[in-house]
Amino acid sequence: KPETLKLLDGLVDVYLPDFKYLSPDTARRYSAAGDYPDWAKKALAEMVRQVSDPVFDEEGMIKKGVIIRHLVLPGFVKEAKQVIRYLHETYGNRIYLSIMSQFTPTKELSAYPELNRTLTPSEYDRVVDYAVRIGVDAGKILEDGKMAQPQTARDRHGEEEIAALAAGDEIHIHAARGLAHQVDELMIDRAGGKLLFNFAVN
């Protein structure tokens, strides 16, 4: 709670909080806490107030700041984008984002069949790409703990997906991973001959 965090004012240099959900419905279903988003927002605001902009030493180690972690859930690309948009619109580049893909289904989640799988590389890439597209500084995105690196379509996706994307910008594709997506942006880098694209969730 913000009241508890205020007691730590001046004592903490780096905060590493999680921001799990933005939707009260999702928070209620998976954590039995429909008010989680409201409390998380208030807590993050207090953390950022205390430590302000990030500070690094000569070796690039963070000495002061806030790194907010978000674990992308399988099938929840849309909500992950909403979380990132909220954080970026609220705090801009005053924070670092750690976008995580390590979700691992367990037996305890048997009541939630929609979570009975791991996150696909395609889902994860769409979230990271979205963050960069809306203006998040790529240098302030940590992909599973590492700085984000730009990649081409061929690096990220299979030949089947690239061929389908090249066919037009109003199509549905079924990737080798079995997921259907709709192209919402298609751009050819003619000088470099690279295909760059982003997806919208159906």
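Visitor: What is the angle at which helix α4 and helix α5 pack, and how far apart are their axes?

Guide: In this predicted model, α4 (residues 77-91) and α5 (residues 121-133) pack at about 25 degrees, with axes 10 Å apart. Axes are lines fitted to C-alpha atoms, for helices over the stretch in contact, and angles run from 0 to 180 degrees between N-to-C directions. Helices are DSSP runs of H or I with at least four residues, strands runs of E with at least two, numbered from the N terminus.

Visitor: Why is α4 called roughly parallel to α5?

Guide: Angles under 35 degrees count as roughly parallel; the angle here is about 25 degrees, and therefore α4 is roughly parallel to α5.

Visitor: Which residues of α4 and α5 meet?

Guide: V77, A80, K81, I84 and R85 in α4 meet E123, R126, V127, Y130 and A131 in α5, where contact means heavy atoms within 4.5 Å.

Visitor: How do you know that the length of α4 agrees with its number of residues?

Guide: The expected span is 1.5 Å times one less than the number of residues. The 15 residues of α4 should therefore span 21 Å, and the end C-alpha atoms are 21 Å apart, which agrees.

Visitor: What makes a residue of α4 count as buried, and which residues are buried?

Guide: Buried means under 20% relative accessible area, with a 1.4 Å probe and protein chains only. In α4, the buried residues include V77, A80, I84 and L87.

Visitor: What follows α4?

Guide: G92 follows α4, with a positive phi near 55 degrees.

Residues are numbered from 1 along each chain as its sequence is written. Local features need pLDDT of at least 70, side-chain atom pairs count only at pLDDT 80 or more, totals for chains, interfaces and linings use all residues, and side-chain values use heavy atoms, without hydrogens and water.

Note on methods: Angles under 35 degrees count as roughly parallel, over 145 as roughly antiparallel, 65 to 115 as roughly perpendicular and the rest as oblique. Buried means under 20% relative accessible area, exposed over 50%, partly exposed in between (1.4 Å probe, protein chains only).
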